[in-house]
Amino acid sequence: MTIDRQHTDERSSKIVKHNGVVYLTGQVGAGDTLAEQAHDCLGRVDALLKEAGSSREQMLRATVWLSDMAYFAEFNEIWNAWVPTGHAPARACGEVKLAREILKVEIIVTAACD
């Protein structure tokens, strides 16, 4: 059994690959607004998926954490534009207190990989 961990520190790995599946650590984004943070966060997810030999089209599951469900509709517009048509993953979205007060969104993705 091979487990490939990339960008590993004492707390976590940004990418873990096992048995044709890539698990990404939670991603947050920079910016003051939900839109800025969401776009930056999704760009980080794109970069990690590419590095892992995967893509948006291969996403299996996404967990979205919002600091306030008042952002739900706005986030969904951004998400819907980002996810390729016909390739939406299984998704859950909930409200949580994030690690830093300024954070508005965090996304965790699992995807198939080469």
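Helix α1 (residues 34-51) and helix α2 (residues 72-82) have axes that come within 10 Å and cross at roughly 30 degrees. That makes α1 roughly parallel to α2, since angles under 35 degrees count as roughly parallel, over 145 as roughly antiparallel, 65 to 115 as roughly perpendicular and the rest as oblique. The axes are lines fitted to C-alpha atoms, for helices over the stretch in contact, and angles run from 0 to 180 degrees between N-to-C directions. Helices (H or I, at least four residues) and strands (E, at least two) are DSSP runs, numbered from the N terminus.

This is a predicted model, in which local features need pLDDT of at least 70 and side-chain atom pairs count only at pLDDT 80 or more, while totals for chains, interfaces and linings use all residues. Residues are numbered from 1 along each chain as its sequence is written, and side-chain values use heavy atoms, with hydrogens and water left out.

**Where the helices meet**

On the α1 side, Leu-34, Ala-35, Ala-38, His-39, Leu-42, Val-45 and Asp-46 meet Glu-74, Phe-75, Ile-78, Trp-79 and Trp-82 of α2; contact means heavy atoms within 4.5 Å. The residues of this contact divide into nine nonpolar, one polar and two charged. Here Ala, Val, Leu, Ile, Met, Phe, Trp, Tyr, Cys and Pro count as nonpolar, Asp, Glu, Lys and Arg as charged, and the others, Gly among them, as polar.

Trp-79 and Trp-82 both lie in helix α2, three residues apart, about one turn of the helix. They form a tilted aromatic pair, 5.3 Å centre to centre and with 45 degrees between the planes. Rings of Phe, Tyr and Trp (its six-membered ring) pair if their centres lie within 6.5 Å; planes under 30 degrees apart count as stacked, over 60 as edge-to-face and the rest as tilted.

**The sheet**

Six strands make an open sheet with mixed pairing, in the order β1-β2-β3-β6-β4-β5. β1 (3-8) and β5 (90-95) stand at the edges with a single partner strand each, so one side of each is left without a neighbour in the sheet. From one strand to the next the twist averages 10 degrees. Helix α1 packs on the sheet and touches β1, β2 (13-18), β3, β4 (59-66) and β6; its direction makes about 25 degrees with that of β6.

Strands of a sheet pair through backbone hydrogen bonds, either parallel or antiparallel. Two strands count as paired if DSSP finds at least two bridges between them.

| Strands | Sense | Bridges |
|---|---|---|
| β1 and β2 | antiparallel | five bridges |
| β3 and β6 | antiparallel | three bridges |
| β4 and β6 | antiparallel | seven bridges |
| β4 and β5 | parallel | six bridges |

A hairpin of four residues joins β1 to β2, and Gln-6 has Ile-15 in β2 as its bridge partner. Val-22 has Ala-111 in β6 as its bridge partner. Trp-65 stands opposite Glu-106 in β6 and opposite Gly-94 in β5.
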